[in-house]
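Dear colleague,

I am handing over the structure below, and my notes on what was found in it follow directly after. Please read them with the structure open beside you.

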Amino acid sequence: MTYIASDTRYDSMPFDRCGNSGLKLPLISLGLWHNWGNVDDYNNGKAMLRRAFDLGITHFDLANNYGPPAGSAESNFGRMFSEDFKSYRDELIISTKAGWDMWPGPYGNFGSRKYLISSIDQSLKRMGLDYVDVFYHHRPDPDTPLEETMGALDYIVRSGRALYVGISQYNTAQTKEAARILRELGTPCLIHQARYNLFDRWIEDGLSSVLEEERMGCIVFSPLDQGLLTDRYLTSIPDDSRAGKGGPFLKVDQINDEIRSKIVQLNQLALSRGQTLAQMSIVWTLSNPVVTSALIGASKTSQIEEIVKGLELHKPFTSDELKAIDNIIGQ
Ligand SMILES: NC(=O)c1ccc[n+]([C@@H]2O[C@H](COP(=O)([O-])OP(=O)(O)OC[C@H]3O[C@@H](n4cnc5c(N)ncnc54)[C@H](OP(=O)(O)O)[C@@H]3O)[C@@H](O)[C@H]2O)c1
């Protein structure tokens with residue numbers, strides 16, 4: 001059936017300015033790391049994109065290596081885009097990245113100019129796009145000079161392949177240096193994509209201040225710690241969950257008694273605030289002023305609906321609640 005986007009798609013989603021750029025991002029963005037590969041149900045992925053856009057999620061995040069197999073999330077997204085979203089291109093922020101292993105040989109990973117420019121060309125082809133909105137360097141490269149990597153990002157923008165650039169997984173010092181080089185090149189770094197959630201607060205230890213100083217946006221990935229910070233694993237490991245499916249990223253043995261005890265207590269706290277744990281975990285990340293958008297993953301449309309609904313239900317955390325959260329995490 002032909003997809004026509006909901007007329008109410010901009011009625012409730014708040015948008016936040018990304019650093020000091022002209023670009024605004026929805027508070028919730030959707031990533032296609034899991035559940036859009038060739039191993040996944042195409043129609044489910046397509047339904048999730050439709051529902052997300054209907055709820056005001058205008059930002060879809062990809063990478064060259066998302067799948068499995070690597071590249072297939074971009075190819076499937078390209079097909080969904082051509083079936084459903086072509087006429088909405090100017091309402092969408094589509095990002096992709098390069099940095100991790102993509103093809104054999106010395107030019108298929110990390111941060112050389114050769115790799116990054118070849119990779120963006122492959123990504124555009126797979127997605128059937130003329131340009132992406134944001135192109136990221138996906139992880140720092142210990143060997144390639146940062147000037148070369150940032151120079152490639154600058155070229156990718158100047159050649160029309162991307163409108164903005166970002167970095168991901170860069171530590172505080174690397175971020176400062178990358179921002180300086182890009183500023184001097186005249187292509188400011190729009191955004192840092194960093195891991196951040198109740199269990200992993202590393203950005204509070206220096207990176208946040210640099211992002212504020214540089215007036216760079218911040219989109220946080222795995223805000224639910226891959227599903228740990230939800231009611232998914234309170235009592236068991238469901239077969240259809242990320243851990244239950246046995247993939248390499250969230251392993252069953254990570255869900256030990258200590259973690260489960262913390263999740264159970266956090267869940268009780270969330271319920272006492274009239275929220276689910278997933279909703280509380282997301283609004284907690286967004287309550288850090290440096291965070292522009294929470295980049296969630298999903299395996300079902302109902303999960304996206306729950307998270308978006310959580311923005312409406314949100315009330316600021318009291319200092320007692322924040323202390324209680326810290327006590328649970330620190331146990
Ligand atoms: N830059 C980087 O290096 C990097 C690294 C990782 C991720 N990312 C980006 O960040 C995106 C999100 O990462 P992530 O998937 O780890 O994010 P996440 O939001 O922490 O975890 C998503 C998973 O949580 C579960 N979930 C989501 N909503 C739920 C709800 N309401 N109730 C119960 N369970 C729920 C689902 O797992 P089930 O499958 O168990 O249902 C879902 O797949 C990726 O798609 C990617 O775009 C970037």
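Helices (H or I, at least four residues) and strands (E, at least two) are DSSP runs, numbered from the N terminus. Among the buried residues of α8 are Leu277, Met280, Trp284 and Leu286, and what covers them includes β9 (217–221), α7 (257–272), β10 and α9.

Two points on reading the model: residues are numbered from 1 along each chain as its sequence is written. The model is predicted, and local features need pLDDT of at least 70, side-chain atom pairs count only at pLDDT 80 or more, while totals for chains, interfaces and linings use all residues.

Leaving aside neighbours within four places in sequence, Val165 is in contact with residues including Val134, Phe135, Leu153 and Leu190, where contact means C-beta atoms, placed from the backbone, within 7 Å.

As for the strands, a closed barrel of eight runs β3-β4-β5-β6-β7-β8-β9-β10 with parallel pairing, and two strands count as paired if DSSP finds at least two bridges between them. Strand β6 (residues 132–137) is mostly covered, with six of its six residues buried; four bridges join β5 (residues 93–98) to β6, and Ala98 stands opposite His137 in β6. Two bridges join β3 (residues 28–31) to β4 (residues 59–61), with Gly31 opposite Asp61 in β4.

Gly31 is also among the closest of the 29 residues that surround the ligand, together with Trp33, Phe221, Gly227 and Gly297; a residue is near the ligand if its C-beta atom, placed from the backbone, lies within 6 Å of it. In this shell, β10 (293–296) and α9 (301–313) each supply at least two residues, and α9 gives the most, with three.

With best regards

Conventions. Two residues are in contact if their C-beta atoms, placed from the backbone, lie within 7 Å. A residue is buried if 20 or more other C-beta atoms lie within 10 Å of its own, exposed if 12 or fewer, and partly exposed in between; C-beta atoms are placed from the backbone.
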